[in-house]
Amino acid sequence: MRPRPPAPARGARKPAAALAVRVAAAMFAAAAVLVAGPEAPTRAAEGGPLLSPFLSPTGREIERAFDEWRFQAARARLAELAARDPQAAEVTYLEGYARFLEGDYAGASASLGKTAAAAPDDVNVKELRTLARAAEEAVKDHKEARSTHFVVRYPAEDAVLVPYALETLESAYAALAGDLGFAAALPVRVEFYRSPTDLAAVSSLSAAEVERTGTIALCKWARLMVTTPRALSYGYPWLDSINHELVHYAVSELTHDRAPVWLQEGLAKFLEKRWREPAGGRLAPAMEHLLAKALRNGKLIGFDAMHPSMAKLPSAEDASLAFAEVATAVATLHAQGGMAALRTAIAAVADGADARRAVAQAAGGGWAEFERAWKGYMVSLKLRTYPGFDLPTVHIRKGGAIASRRKPSEDEVATTGLRASPSLRHLRLGNILLKRNRPRAAVIEYEKGAHEATLSRGRGGARSGGGGANGPDAAAAQWLFPVKLGRTYLALGQPDQALRAVEHARTTYPDLPWPNLIAGEAWLAKGEPRAAVDAVRASLATNPFDPAVHCTLAEAYARLPDTDRPSSPVIARERQFCKELSD
């Protein structure tokens, strides 16, 4: 299936701060290599994959065009080839490949079945047919929604994702059109899966790689492949992630999938928030922390070590550091030449230029000069470390929790992340007191728990990943008690105290949903609906399954001045989700 070495992996990673920046493509995809052939096939190039012997030179050119995301040209040439012999093995194979890329998995499987009858031992055919069948199975009961440029497939229980996904994607598409000149040749398909296991089944990553790196989204085979935030105990910044994957899609099409992983990921990270703010921006705390440490000790990850995929790096910490590096490299190019420099580098890569040379020339010099500028840029950011900071471990929910359709909850983390911690007792007691309408007593227990967690850290309890002699997830301890205190102060009618309780958690772990939700509820209680909307929408962008998010947002929208208030259908939508998710 691939007549040239595989494209670099790319995909979506989880939030740097709250989710330990576990890599996916975004946020991350590794391109699969379908190899072999029944006989002694020839190689396209030294070290390249084996070719299917039934492909003619024209067939290989068409396959290469599909590989390089030149879909319209490939389809046109395939139509010419099919007109001569529609039942030829190469025609049914290439038709199956085309249908697979277009999202017609049943049609792809049927076409490839015809090829398999003619070439039963061809590994390329077998593997592509396996991928088509897996994709068909993954979306067999999915619903579909469309917008101008996108097709979203989603499980019925995840319908709440759809309006926000389409709004975000269309906003991101408009930004990418202006920034990079991107115009998709095909409707961009987005598929939401129920679990990371499903994501592994339809991609070339193993379940172990998905688990180790926390891979949650990929851009592969002309589609965005995304795990629902319902599958993670914290949720994750899914709106930024799908935009991150869309950048990968754009860069793959603009460069004919020739950009190496470091440039792909650098562009995706640099532009992932373009749907809501200017490109770049401050690094997330976790990435800033790791990059500051690496600069201090001289242990940066080389660009070549990122190949073939960020998702294959040894750990979440390595992945987070790698993303910080490549994001600042692209930021350096942007600082020197703006979006025009990015477009120039992308065009040069599409024409076959080496990526390092393309970036350096777009910046106006050689690679050594660019590297010096990049390191100077990183120093100029005045990056800081966060004393006592731990990357939270990723918490993929158990199958039963996902199937139950319960919203992700911080209490799912408590019994696992703090299972061996003395502070767990105070957490449980505080929860009981709060349920019994004794909020002031609950505050005392939560404060004791927070103090105990601090002492445990001082004794060297846990490091990132939840290990250590005492066993707690230190990161969870840093934000869990502030969240509980914030909720309790809201119950006491003290919104200012609630805001103070979650202020540090919002800054240090910006991708956690609950501190932002509590802040939104507190701002609303203080009569400041604009601030409430901003905070609650940040929570929605991580965990849209909490009914309180939609209830608070509906009320905040309704309290805005007429000039700022969204349309009646938008407010009605929030009220509807408030009701549906509360049932």
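Author: Happy to. Helices here are DSSP runs of H or I with at least four residues, numbered from the N terminus. With that in hand, a friendly reminder that this is a predicted model.

Helix H22 spans residues 529–540 and holds both aspartate 534 and arginine 530, which are 4 residues apart, or about one turn of the helix. Their side chains form a salt bridge, with 3.3 Å from N to O. Aspartate 534 has a relative accessible area of 45% and is partly exposed; arginine 530, at 39%, is partly exposed too.

Beyond that pair, shared partners join Glu144, Arg146, Arg153, Arg189, Glu191 and Arg223 into one salt-bridge network. Phe100, in turn, is named with Tyr249 as having the most contacts inside the largest nonpolar core, a set of 139 residues.

Another pair links distant parts of the chain: arginine 75 belongs to helix H2 (residues 71–84), while glutamate 102 sits in the loop between helix H3 (89–101) and helix H4 (105–118), 27 residues apart. This salt bridge comes to 2.9 Å, N to O. Glutamate 102 is partly exposed at 34% relative accessibility, and arginine 75 is partly exposed at 26%.

Finally, look at glutamate 68 and arginine 70, whose closest N and O atoms are 3.0 Å apart in a salt bridge. Glutamate 68 is buried, at 5% relative accessibility, whereas arginine 70 is partly exposed, at 29%. Altogether, the count comes to 29 salt bridges.

Terms used:
Residues are numbered from 1 along each chain as its sequence is written. This is a predicted model: local features need pLDDT of at least 70, side-chain atom pairs count only at pLDDT 80 or more; totals for chains, interfaces and linings use all residues. Side-chain values use heavy atoms; hydrogens and water are left out. A nonpolar core is a set of buried Ala, Val, Leu, Ile, Met, Phe, Trp, Tyr and Cys residues joined through side-chain atoms within 4.5 Å. Buried means under 20% relative accessible area, exposed over 50%, partly exposed in between (1.4 Å probe, protein chains only). A salt bridge is a side-chain nitrogen of Lys or Arg within 4 Å of a carboxyl oxygen of Asp or Glu. Helices (H or I, at least four residues) and strands (E, at least two) are DSSP runs, numbered from the N terminus.
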